[in-house]
Amino acid sequence: MTAAECQALNEWAHQAVVLGLMSTGRNRDGQSYSKRLTTRPCGNRIEYPELALEISNRIRQFCGVSSMPLIEDGQGRDGIVVSYTLPEGDVHAHVDGPRLSAKHSVLRCNVVTQVPDGGAELFVGGHSFFPEHGELHCFLASDHVHSVSKVIGDTPRILWMFGAHVLTDEWNSGKIKVGS
């Protein structure tokens, strides 16, 4: 994703926060958590910009999942979720759901469009890294426990999530070819 695209999506996210379009996230106990805002449960009142829909289609095509069902059902709108983590906020360890069926997994194709001043280390299935600005990272979010450490500094972390329901065996076997 280009720097200009990241900036445009960040402007939309900042405006969504100002307008109160995002909901509070949930902490590890399922309670409302004001340090992370999200569009996950409020798809009925969100209209994503055309750029987000174009990027979603590009990513789904790049990842070889453009014909697979979008992640919806309380999981954002148009297969897109935005996460806006405020300073001192984090993302508790969890797996995503619901799955479309027992044969499917939730594939998240994520891009951090605004990197915080510090912190925000991503942990997925026992591995950790710091996603770079505009970098695409994909994983089966329904199959691997994932979390993000506390955001340090004054800059919120903005993450755009795209993806699809994929057949787990096709992803794990390499039948779904990313980048081809």
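The model is predicted. The sheet has 4 strands with antiparallel pairing, and the largest nonpolar core has 29 residues. A second, separate core has 8 residues.

**Open sheet**

- The strand order in this open sheet is 4-10-7-8.
- Strand 4 (91–94) and strand 8 (127–129) are the edge strands, and each has a single partner strand, so one side of each lacks a neighbour in the sheet.
- From one strand to the next, the twist averages 15°.
- Strand 7 (residues 122–124) and strand 8 run antiparallel and are joined by 3 bridges.
- V124 is placed opposite H127, a residue of strand 8.

**Largest nonpolar core**

- Among the 29 residues of this core, those that touch the most other members are W12, M22, Y48, V65, V82, W160 and V166.
- At least two residues of the core come from each of helix 1 (3–18), helix 2 (50–62), strand 3 (81–85), strand 5 (104–114) and strand 12 (157–167).
- Strand 12 gives the largest share, with 5 residues.

**Contacts of Y48**

- Neighbours within four places in sequence aside, Y48 is in contact with W12, T39, R77, D78, I80, V81, V82 and W160.
- Y48 is itself one of the residues that touch the most other members of the largest core, as are W12, V82 and W160.

**Second core**

- The members of the separate core of 8 residues include V91, L122, F139 and V151.

Key: Residues are numbered from 1 along each chain as its sequence is written. This is a predicted model: local features need pLDDT of at least 70, side-chain atom pairs count only at pLDDT 80 or more; totals for chains, interfaces and linings use all residues. Side-chain values use heavy atoms; hydrogens and water are left out. Two strands pair if DSSP finds at least two bridges between them. Axes are lines fitted to C-alpha atoms, for helices over the stretch in contact, and angles run from 0 to 180 degrees between N-to-C directions. A nonpolar core is a set of buried Ala, Val, Leu, Ile, Met, Phe, Trp, Tyr and Cys residues joined through side-chain atoms within 4.5 Å. Buried means under 20% relative accessible area, exposed over 50%, partly exposed in between (1.4 Å probe, protein chains only). Contact means heavy atoms within 4.5 Å.
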